[in-house]
Amino acid sequence: MLQDLENHEEAARKTRWKHCLRLVAAYLFSDVGVCGLAVSYAMLGALVFEALETRHELAEREHVRQHRADCMRDLWRITNKLNVLYEANWTLAVGGRLREFEQTVVNAVRNEGYDGREVEALELQWSFPGALLYSLTVITTIGYGNTAPKTSLGKVLTVLYATVGIPLMFLCLLNAGHLFARIFKFSYFHVLCVQCRQRARISKVREAVRVMLYKHFPGNSSTTRNQQQTTDGNLEPSATSQQLNGQVEQQATDSDRLCTDNEELGVTDNLITSASENERSTAAQSVVSSRDSDSSRHELVEANDVVLEESLTDSSDISIESRLHNTNSSSFPPPFSDHTNLDGTCPNKEDNPRPKEEERVPVYVVMLFITGYIFVGAIMFSVGENWNFIDAVYFCLTALSTVGFGNLVPGSYDFNTQSQSAQTRLIICCFYLIFGLAVVLMSYNLIQEEIMLKFKRISRNLKIMPQNEKS
Amino acid sequence: MALERKRSTRRSGSRYAGKKRRPVNKCKTCCRKFTAFMFSHVGLCGLVVGYSIMGAFAFRALEAPYEEVKAGEVTDMRQKTVRRLWDITYDLNVLYKDNWTRLVAAEIKRFQSDLIAAVKDGYDGKELGAVQQWSFSGAFLYSLTVITTIGYGNIAPRTNWGKLVTIVYAIVGIPLMLLYLTNIGDILAKSFRYVYGRMCTCKPSDHYKRGRNNENYRVQHVVAHNSPTRQNALDPGVQDKVHVNPEDEVRIEAIPNELPEDLDYQKPRVSVPITLCLVIMVSYISGGAVIFSLWEGWDFLDGSYFCFVTLSTIGFGDLVPGDSVVSDRGSQEKLVICSLYLLIGMALIAMCFNLMQEEVIHKVRNCGRRVGIIKDTDDEDDIA
């Protein structure tokens with residue numbers, strides 16, 4: 001019996017451990033987890049590569065100094081040997097020796113990664129920020145190459161590091177791009193584009209009214225349709241009424257949200273919000289068998305739109321108005337009353353959940369954003385690195401498209417300026433690259449549907465694709 | 001038999017409609033057919049190569065003069081240094097080693113700094129008049145590295161015009177390259193699957209084993225027979241789950257021969273194992289490594305490092321065939337071979353990705369389900 005209890009306890013502990021592990025794994029592979037994983041992977045790579053390559057870099061500096069010393073010793077020997085100094089002889093010999101020296105220096109720079117710093121210089125190419133930039137260029141496949149591994153172990157590790165890191169970084173950037181896309185859409189539709197909001201509201205009111213009118217007064221067959229619908233039971237009408245409910249509730253939500261500002265559509269909003277307070281009303285000619293407050297709201301909306309727009313040319317308009325006036329005259333509030341509830345607060349947004357935005361951000365906005373990001377980066381780098389503006393734009397574009405030539409890299413040693421703050425510039429470059437790539441993926445996320453639609457339309461126009469192929 | 005297609009008659013009917021077409025319409029249809037061909041597979045391949053060649057011409061015209069100027073500058077600098085050294089030597093009437101050494105050291109150091117700046121600006125150590133970096137094959141390789149986003153950087157534009165043209169060239173070329181890769185990957189994957197399926201029909205045991213596994217099996221064409229309400233066929237296509245009534249008799253039909261070809265039926269999809277794709281990639285990289293290390297005098301590690309870095313589009317540029325300090329004979333051919341290796345390699349990788357993606361997603365999902373990360377909601381309504 002005791003043994004049974006022990007076994008039971010151990011089994012319970014094991015399941016608890018498994019559950020823990022499962023939670024950890026689930027968290028790691030969630031969105032945040034992947035991003036954190038990628039960042040820590042980059043830092044781990046930075047540490048490893050820094051440990052591997054620093055020695056070689058210092059050794060290379062020593063080699064170049066040695067070559068220089070050898071060159072000078074040879075020059076002295078040449079000078080000393082010739083007892084009589086003939087210019088032509090001496091010049092020839094010295095020129096040849098200098099040419100050899102030049103080859104060694106060029107080889108050191110191009111093949112061994114020498115960057116021109118002296119032995120005494122404190123800053124290294126393979127410092128932690130430099131190695132971090134290197135790791136990032138590997139796993140984002142930018143691949144500058146100004147800092148590149150020269151030891152065999154470094155090269156093998158680079159291959160393995162890239163095999164694991166490139167998919168990981170790609171996932172992380174996808175997630176980040178998705179998140180940025182959501183933020184961008186939200187801020188565009190609800191903050192930036194005032195026109196969108198108003199247009200959305202007007203179009204939804206119109207749509208609700210039109211559906212309502214068509215349902216109630218479709219023209220010739222109005223009476224028969226009504227009879228049919230009533231005999232069919234509650235299914236169809238309530239379905240459409242729910243649709244309308246949703247639309248009008250959305251209207252209520254939108255208006256409630258903006259209950260502290262603009263009163264241009266004040267009359268509509270008034271009627272809608274005040275209609276929500278009217279629990280009871282005597283709805284005339286309602287096809288909706290469920291007689292709740294929503295039906296009165298529909299008719300009020302409808303009447304209001306007729307009053308506002310006067311664009312409907314249906315002959316039964318006047319009959320609507322008159323009928324509604326007869327039945328609901330008491331419930332028309334004065335035009336510019338307060339939007340808010342009776343107790344003076346804005347209605348709670350959480351009651352009516354907002355439906356998903358089906359609209360897409362226009363392509364030119366996204367393009368404008370990317371161009372802005374590139375220009376900001378270009379300005380930053382041209383000021384920080386003393387490049388001219390075209391160089392900075394060229395750098396930003398080649399970095400963000402992951403081409404990554406590597407002849408212009410921020411934080412690299414420049415002879416002309418001999419600046420010392422390379423570490424901070426490297427870190428800034430890392431951040432710019434990561435955010436820039438996330439922005440690129442975000443824009444791809446936002447515009448891919450548009451581009452695919454346009455492409456299909458163009459190809460259908462050109463009759464490249466068969467016409468009966470559905471998109 | 002519930003299959004009836006009337007599409008062929010419809011199509012032939014339209015052909016008789018426009019018998020007498022005006023030349024303008026003919027021209028339009030010609031143009032349309034031409035663009036359709038251009039965006040078809042062969043045309044796309046030729047478009048990419050043509051775009052690279054055009055880029056090669058453009059960049060060569062823009063950058064080769066500057067390269068000559070730069071080489072001339074370094075030669076000038078060296079000769080000036082020699083002259084200054086001579087002046088130092090000449091001015092000192094009595095040669096003391098320490099004095100002379102000190103003065104000469106400063107001079108050499110300055111020479112080195114200027115030289116390194118020149119190298120970073122594109123000087124490659126070759127003499128004036130020798131084979132240039134921006135030869136035609138070099139510029140061709142450069143254009144390829146731009147549009148494949150490899151971006152070596154050993155050759156890079158130094159003039160402002162070159163940089164601007166690079167930007168525009170990349171904006172147009174990178175999507176073109178992506179289109180090419182997806183197309184080529186598609187075709188290669190299809191043909192590889194076909195060949196693999198053909199080879200696999202020799203072993204029928206695999207087929208049955210695959211059939212028993214519910215998740216891999218794809219119902220291509222389900223015809224429900226002998227049921228009073230449903231005599232129609234479901235749409236052909238790739239469907240994971242099919243719901244049928246228990247009283248219906250479900251029969252999986254093979255593709256009949258008398259159907260017209262344009263209905264685009266899909267044969268049962270052969271899934272190529274992941275290991276085969278990986279073997280293909282690794283062998284291509286190793287093959288390239290052997291070739292390049294033999295030519296360039298690299299060791300095998302350097303060769304495979306170069307091939308991996310190139311094919312993953314990282315592209316450091318520290319090791320590039322045909323680009324050594326001492327001017328080499330035959331470097332132009334090496335550059336061309338490198339470009340070809342690049343193009344074929346990227347197409348192969350696109351094919352392998354295409355072949356592997358379903359399997360990988362499937363396996364990852366299985367793994368996740370087993371670990372418990374992903375909820376298995378769609379296990380309940382599988383066909384038993």
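Mentor: A salt bridge is a side-chain nitrogen of Lys or Arg within 4 Å of a carboxyl oxygen of Asp or Glu. The model here is predicted, with local features needing pLDDT of at least 70 and side-chain atom pairs counting only at pLDDT 80 or more, whereas totals for chains, interfaces and linings use all residues. Residues are numbered from 1 along each chain as its sequence is written, chains are lettered from A in the order in which they are written, and side-chain values use heavy atoms, with hydrogens and water left out.

Trainee: How many salt bridges are there between chain A and chain B?

Mentor: The count between these two chains is 4. In the salt bridge of Lys150(A) with Asp318(B), the closest N and O atoms are 3.8 Å apart.

Trainee: How should I read the extent of the interface between chain A and chain B?

Mentor: The size of an interface is often given as the accessible area lost when the parts come together. Buried area is taken with a 1.4 Å probe and summed over both parts, and between chain A and chain B it is about 5,900 Å², of which carbon and sulfur atoms give 71%. Trp76(A), Arg110(A) and Phe405(A) supply 13% of the area that chain A buries against chain B, more than any other three residues. Counted by contact (heavy atoms within 4.5 Å), 72 residues of chain A and 69 residues of chain B take part.

Trainee: What does a nonpolar core look like in a structure such as this one?

Mentor: In soluble globular proteins, nonpolar side chains tend to be buried together. A nonpolar core is a set of buried Ala, Val, Leu, Ile, Met, Phe, Trp, Tyr and Cys residues joined through side-chain atoms within 4.5 Å, where buried means under 20% relative accessible area (1.4 Å probe, protein chains only). The largest one has 114 residues, and among those with the most contacts inside it are Val138(A), Phe395(A) and Phe306(B). Its largest share, 13 residues, comes from helix H10 (residues 331-371) of chain B, a helix being a DSSP run of H or I with at least four residues. A second, separate core of 31 residues includes Val94(A) and Met77(B).

Trainee: Which residues does Phe395(A) touch?

Mentor: Leaving out residues up to four places away in sequence, Phe395(A) touches Tyr144(A), Phe381(A), Trp387(A), Leu408(A), Val409(A), Pro410(A) and Cys429(A).

Trainee: How many helices and strands does chain B have?

Mentor: Chain B has 10 helices and 2 strands, a strand being a DSSP run of E with at least two residues. Buried residues make up 41% of the 384 residues in chain B.

Terms used
Buried means under 20% relative accessible area, exposed over 50%, partly exposed in between (1.4 Å probe, protein chains only). Buried area is the accessible area (1.4 Å probe) that two parts lose on being put together, summed over both.
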